[in-house]
Amino acid sequence: MTVREKGYTHWDGELKPTRHPWWPITRLGVKLAFKKKYFKFIYFGAFVPAFAFLVGIYISERIEDFQWMVRGSTKILEVNPRFFNYYFSNDFLLFMMVMILLASGAGLISDDLKYNSLQLYLARPLQKKDYLVGKAAVLVFFLFSLTILPGLVFIVFKLLFAGNFSFLSSYPWLPLAVVGYSLVVTAFFCFYTLLLSSLSKNKRYVSILIFAVYLFSDILHGFFYENFKQPAFALISLKANLQQMGAFFFRQKPAYPVAWYLSLLILIVICLVAAIVLRRKIKGVEVVK
Amino acid sequence: MGTIVSLKNIHFSYGRVQALGGIDLDLAEGATGLLGPNGAGKSTLLRILLGFLAPQRGEGRVLNYDIRLELPQIRRYVGYMPEDDCLIPGMDAVTFTAYFGELSGMPRQEAMKRAHDVLFYAGLGESRYRLLETYSAGMKQRLKLAQAIVHDPKLLFLDEPTSNLDPQGRQEILELIKDISSRKDIQVLICSHILSDIESVCSYVVILNKGRVAAQGRISELKQLKFRLYEVKIKGEAEGFIDRLKNIGCRVDEAEDKLLKVYMPAEREISDFFRLAVEANVQIRHFVRSQTTLEDLFAKAVGVD
C-alpha cells in the first residue's frame, strides 16, 4: 500500500526545543553558497593571501635556505605584528571578503522576501533573533575562515617552524589581537550585508549595493582627500575604517592620522543603524504583505 | 469536545485602521472555515493566532497556550500553509520540507524521513528531488501543504489552500485536507474565499466582516439546508403564532423591526403556514422566501448581495 493510499500518518516522535534553533538556517546557507560554482572560485581564491603568508612564515624561518630568492629583502619576511596587520588589512583580502559577501550574503534575506519564505520561518518556533543569527552565522563562517582561522594558524605555524615560544613571549597579546580584529571585521560585514540584503527583494540589486557602497565610499574618500587634504575624510571609507582598526589592534602606526576610536564609532553607528532597520524590516514583513 | 482556539475581545489596528474590533471566538475540534470579504480581518486574525501580531486588547489561547506569552509552544504545534507561493531557491522539495521540520523541532534524520512520507502523501513523491523553481503553481501549493504537516501539527492553518489550482488539483487538495481533518485528529482552520471549498471540508464556519464576527456556528445549523427560510412580518399576537410554528418543527428567529425568520422543514407545505396564522389569529403582512445557501448566508452576514 502506497503512502497516498494509506493516507496521512502521525509522526511518533516528540517535538523538542533545541539549544541552537538557528543552526539549520546556517547549515543551509553555507550549503547553498557552495552550490554556486562561482562562489567556490571566489572563496578558494580568497585563501591565496593566506597561503602566500604561510609560505612567507616558512621562508622566514628557513631564510638561509632561500637567500637566492629573498636577495636581502628579509625585512618583509619578518613575522611580527606588522606582518599580521599587513595580512588582515591588505586590499586584496578585504576585496575578496566583499566578493564573498556579495556571492553568499546578498540573497540571505532578500530571497526570503522575494519568495515569501520569511513567513514560513516565523511560523516555526523561532524568534526573529534566531532567524537573524542563523543568517549572520553563514557570513561568520566564511569570514572567520579568512580572518581568525588563518591568523591563529599563522601563529601556530610560526611556533612550529621556530621550534620555540619566543615569538609568543615577545607578542603575547597577538592571539587576542587576531581574535579581536576578526570579530570587529566579521561583525561589521555581517550587519552591513544583512542590512543591504533586507532592503530589496532583488538579489542582484543587493549584490551591486554591497559592492558599490564599499567601493564608492573609498572613491569618495580619495576624491575628498585629494581635493581638501584632510585625513579625516578617511572616515568616509569603509575600507579605511577597517584598516584603521587593524592598525589599532596590531599596534601599528595607522595609515591615516585619525583616531582609531572615530573609525570604531563609525563602524558601530553603521551596525546600530543596520540592527534598527533589520528589526523593522523583518517585523514589517510579518505585519504587511 | 475540547476548545482549540479561544479568543476574547481581540482588538487590533494598523495605525488608525481598525482590523479587528472585538473578536470573541471559541472554536471546537474539527475543521473550521474562516470566511469574510477582503479587509474583513481574516489574515490579521490568522497572524494573531500564529503570534505574528500581538493583539492590542483582549486575550486568547491556541491549543491552550496563551497567544501573548507562549508563542514558541503555539508555533511548535501549529502548521501554517500561507496563501502566497513560498520557496527557497536552489532547494529540492525533500530538503525544503525536512528543513522546516527540523526548524519545528524534529531531529534532522527524522525530519528527512518524514519529509519523504508527507511529499508522497501530498502527491509530490515523483518530483521530490526537482528544484523548487521548476515547480508549477499546483505543485507549489502541495509543497506548502507538505511543509505545514511535516512536523505532525495538532492544528493546521490553511490560508486559501486551493488558490491557483485547476479543478482536479483543487479536488485533490480538498481530499487531502478532508483526510487530515476528518480521520487524523488534526484540527484545521481554513481561510478561503471559495465557499464551496469550505462547505466540502468544514463542519463549522466563522464569518468575519469589518473586523467583527458576523456569524459563526455549524454550517448545517446555519444553513438549515433541510429548511426553507422565510422572512415574515405579522400583525397581531406573535407568541401564539411562533409557538404553533415551533410545534410543527419550524425554527423561528426574531430580527429587527418585528421581522421573523422562519426555517420551515422541507416536508411542510406553505399552506401550513397560513393555516397556523389563521389559527393564531394574526395577519401576514410580509412573506418572502429567503437565503438558504452558504453563499446567501455569507452575503447576508457581510451585508452584500
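**View 1. The interface of chain A and chain B, in which 36 residues of chain A are in contact with 52 residues of chain B.** The model shown is predicted. The size of an interface is often given as the accessible area lost when the parts come together. Chain A and chain B bury about 4,200 Å² between them, and 57% of this area lies on carbon and sulfur atoms. Counting pairs in which both residues have pLDDT 80 or more, 21 residue pairs are in polar contact between chain A and chain B.

**View 2. The side of chain A that touches chain B, with the helices that supply at least two residues each.** These helices of chain A are H1 (3-6), H2 (23-34), H9 (118-122) and H16 (260-287). The most is given by H2(A), which provides 6 residues to the side of chain A that touches chain B. Sorted by class, this side of chain A holds 19 nonpolar residues, together with 11 charged and 6 polar ones.

**View 3. Glu102(B) and Arg27(A), whose side chains meet in a salt bridge.** Glu102(B) is placed in helix H3 of chain B, which covers residues 93-103. The N to O distance in the salt bridge is 2.6 Å, and the rule finds 1 salt bridge across the interface of chain A and chain B. The side chains of Glu102(B) and Arg27(A) are likewise joined by a polar contact of 2.6 Å. Leaving aside residues up to four places away in sequence, Glu102(B) touches Pro24(A) and Arg27(A) in chain A, and Arg108(B) and Ala111(B) in chain B. Glu102(B) counts as buried because its relative accessible area is 13%, whereas the cut-off for this class is under 20%.

View 4. At the start of H15(A), a side-chain oxygen of Ser237(A) comes to within 3.3 Å of the backbone nitrogen of Lys239(A). H15(A) is followed by Arg251(A), and the phi of Arg251(A) is positive, near 55°.

Notes. Residues are numbered from 1 along each chain as its sequence is written. Chains are lettered from A and ligands numbered from 1 in the order in which they are written. This is a predicted model: local features need pLDDT of at least 70, side-chain atom pairs count only at pLDDT 80 or more; totals for chains, interfaces and linings use all residues. Side-chain values use heavy atoms; hydrogens and water are left out. Helices (H or I, at least four residues) and strands (E, at least two) are DSSP runs, numbered from the N terminus. Buried means under 20% relative accessible area, exposed over 50%, partly exposed in between (1.4 Å probe, protein chains only). A polar contact is a pair of N or O atoms within 3.5 Å; within protein, one must be able to donate a hydrogen and the other to accept it, and residues adjacent in sequence count only if both atoms are side-chain atoms. Contact means heavy atoms within 4.5 Å. Buried area is the accessible area (1.4 Å probe) that two parts lose on being put together, summed over both. A salt bridge is a side-chain nitrogen of Lys or Arg within 4 Å of a carboxyl oxygen of Asp or Glu. Ala, Val, Leu, Ile, Met, Phe, Trp, Tyr, Cys and Pro count as nonpolar, Asp, Glu, Lys and Arg as charged, and the others, Gly among them, as polar.
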